[in-house]
Amino acid sequence: MEKSQEQARREILDLVADYCETWHIRNKKPYEEGDRIPYASRVYDAAEMVNLVDSALEFWLTSGRYTEEFEQKLAAYLGVRFCSLVNSGSSANLCAFMALTSPLLGERQIRRGDEVITVAAGFPTTVTPIINYGAVPVFVDVTIPQYNIDVTKLEAAYSERTKAVMLAHTLGNPFDLAAVKAFCDRHGLWLVEDNCDALGSLYCMDGVERFTGTIGDIGTSSFYPPHHMTMGEGGAVYTDNPLLHRIIRSMRDWGRDCVCPSGVDNRCGHRFDRQYGELPLGYDHKYVYSHFGYNLKATDLQAAIGCAQLDKFPSFVKRRRHNFGRLYAGLAGTEEWLILPEACEGSTPSWFGFLLTCREGIDRGAVVRRIEEKGVQTRMLFAGNLTKHPCFDEMRASGEGYRVIGDLAVTDRIMRDTFWVGVYPGMTDEMIDYMARTITETVQGQAV
C-alpha cells in the first residue's frame, strides 16, 4: 500500500532523529584531559536536525512558517512587541542603524555627517554601518574589569551633531544601561543595543529586571555558531516601537513599502488603488520602495533550527552562568597576575566568555601561546582598538571620518594585555577545571 505524504514525512523524520542520536550524540567522543577545548561550539540534539529536514521537505527555502514562529517566540521570550529575523548579526546591526536614517523619523533622522557615540574596543560590525552610511562614529574609552563604555565620558562626547548611541554589551556583560539611557533621554538620542554577545543577560532598570536589548530603542542579536544559540547564520532585530518596526521590515525586505510577507499578496486590500511618490495611480504596492533597502532575510531552514534552539535557550543561559562561576572560583589566587572580569552593577549576565587582563610584568602573548599549546582555545577582545586597524588607515591619515574622545588608554591596554576563554554550555566541569589549572599554572610560571 502506498504511503501517504504525511506517513513518508514522519518516517523520514524518525530516521533523522535516530541518525542524530546515534552519530551526533551517543557516539560522540567524551572529553579527556588534554583534548582541545574550543572557546565556543554548537550545542544541539535531534530536535534541531529534525526541524531542519522538516523545513527542507517543505522546500519553501525563503522565510516562511518557521520564520514567523521564531519571530513570535523570540519576541515573547524577550518581552518585546516586534522581532524581525535576518541573515546574520552583522545584518541585524546594519538594519538597526539604517532604520534610524529613514526620512519617516523627521528631525530625529540620522543624516550623513551626524555623529553616533560608540566604542573602539569591540567587534567592527557595530561601527561599520555608521561609517558606510557616512555618519561619524565618536569613540569613547572603556573600563576594566567591565570592558564597557566609560559613562563618565559621555557628556564630553556629545555635540550638536550627535543623534544616537550604538553599543555592544561586551561578552554578555551589560554596559551601564541606567547611565547610558539617562544620557540618551536627556539629549533626545536613539539607543541601539548590540545584544549579539549578550542574549539572555538581565539588567535591573527602575527596580525591574529586563533583558538586555529591550531597554534601548532597538536591540540586535546574532545566531552565528559560537553565539548563545545558533541557526548557523542568522540574526534578529527587535523593538517596541511600531514605526521603527515598520522601517526595519522595509530595510530588511528590499526597502519596499508593502508589509506583506513572502508568498502573501494584498493583505491590506489596497494593492492597486493608492498613489505613491510620482508613480502612476494604482501602481502595484508590492513594488513600491520607501527606502533604499536590502534583502537581509534569513531562510526557513535557518529559522527551523532556531525554533528548536530557542526551546533550549534558558538551559543554555543557566549553564553559561554556572561555567563562568566555576571558572571564576577556579582562578581564585591569580589576582596578583590577572584582572578577573566583573559584572556591571545591577546586572545578571548571560556570559559569552571570560575576559582576563594581564597585569604589569605578565606577557599576554606568552600566556596565550602556552595556554593554546595546552589545548585551550583563546580569543582577543575582537578588534582591541578598531581605530588601529588597516580599515582605518585612510581615515587616520586624513584625520576625518571619526572622532576620538581622550586617548583611549584603556582600550589600548585591552589591545595589548587582554584575552578571553569560553564558557559555552557544552563545557563540562572537567573542562572548566582544566582551563582554570592551565591558566593558573601558566601565569604562575611566567611570574617566577
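Predicted model: local features only at pLDDT ≥ 70, side-chain atom pairs only at ≥ 80, totals over all residues.
Residues are numbered from 1 along each chain as its sequence is written, and side-chain values use heavy atoms, with hydrogens and water left out.

The largest nonpolar core comprises 32 residues, of which I117, I149, V165 and V180 touch the most other members; such a core is a set of buried Ala, Val, Leu, Ile, Met, Phe, Trp, Tyr and Cys residues joined through side-chain atoms within 4.5 Å, where buried denotes under 20% relative accessible area, exposed over 50% and partly exposed the range in between (1.4 Å probe, protein chains only). At least two residues of this core are supplied by each of β2 (115-119), β3 (136-140), α6 (154-157), β4 (162-168), α7 (177-187) and β6 (202-205), the elements being DSSP runs numbered from the N terminus, with helices (H or I) of at least four residues and strands (E) of at least two. The largest share of this core, four residues, comes from α7. With neighbours within four places in sequence left aside, V165 is in contact (heavy atoms within 4.5 Å) with V116, I117, V180, F183, C184, L189, W190, L191 and V192. Another core, of 28 residues, lies apart from the one described above and includes F324, L327, V421 and V423.

Beyond its neighbours within four places in sequence, N93 is in contact with T125, T126, P129, M166, D194 and T220.

Several backbone features fall in loops. The peptide bond from I144 to P145 is cis, with omega near 20°, and P145 lies in the loop between β3 and α6. F59, although not a glycine, has a positive phi of about 60°; this residue is found in the loop between α2 (46-58) and α3 (65-78) and counts as exposed, since its relative accessibility is 59%. D206, likewise not a glycine, has a positive phi of about 55°, is placed in the loop between β6 and β7 (208-211), and is exposed at 77% relative accessibility. A332, in the loop between α9 (300-330) and β10 (338-339), is exposed with a relative accessible area of 51%, and its C-alpha atom is separated by 8.9 Å from that of T440, 108 residues apart along the chain.

Side chains of opposite charge can pair when their charged atoms come close. The count comes to 33 salt bridges, each defined as a side-chain nitrogen of Lys or Arg within 4 Å of a carboxyl oxygen of Asp or Glu. D265 and K286 meet in one of these (3.4 Å, N to O), and although both residues lie in the loop between α8 and α9, they are 21 residues apart and the pair links distant parts of the chain. D265 is partly exposed at 46% relative accessibility, whereas K286 counts as buried at 14%.

Two further pairs lie within helices. D393 and R396 form a salt bridge (3.0 Å, N to O) and are separated by about one helical turn, because they are three residues apart in helix α11 (residues 393-398); D393 is partly exposed, with a relative accessible area of 41%, as is R396, with 35%. In helix α12 (residues 409-417), R413 and D417 are four residues apart, about one turn of the helix, and the closest N and O atoms of their salt bridge are 3.3 Å apart. Of this pair, R413 is partly exposed at 25% relative accessible area, while D417 is buried at 16%. A network of salt bridges also links R9, D54, E58 and R65.
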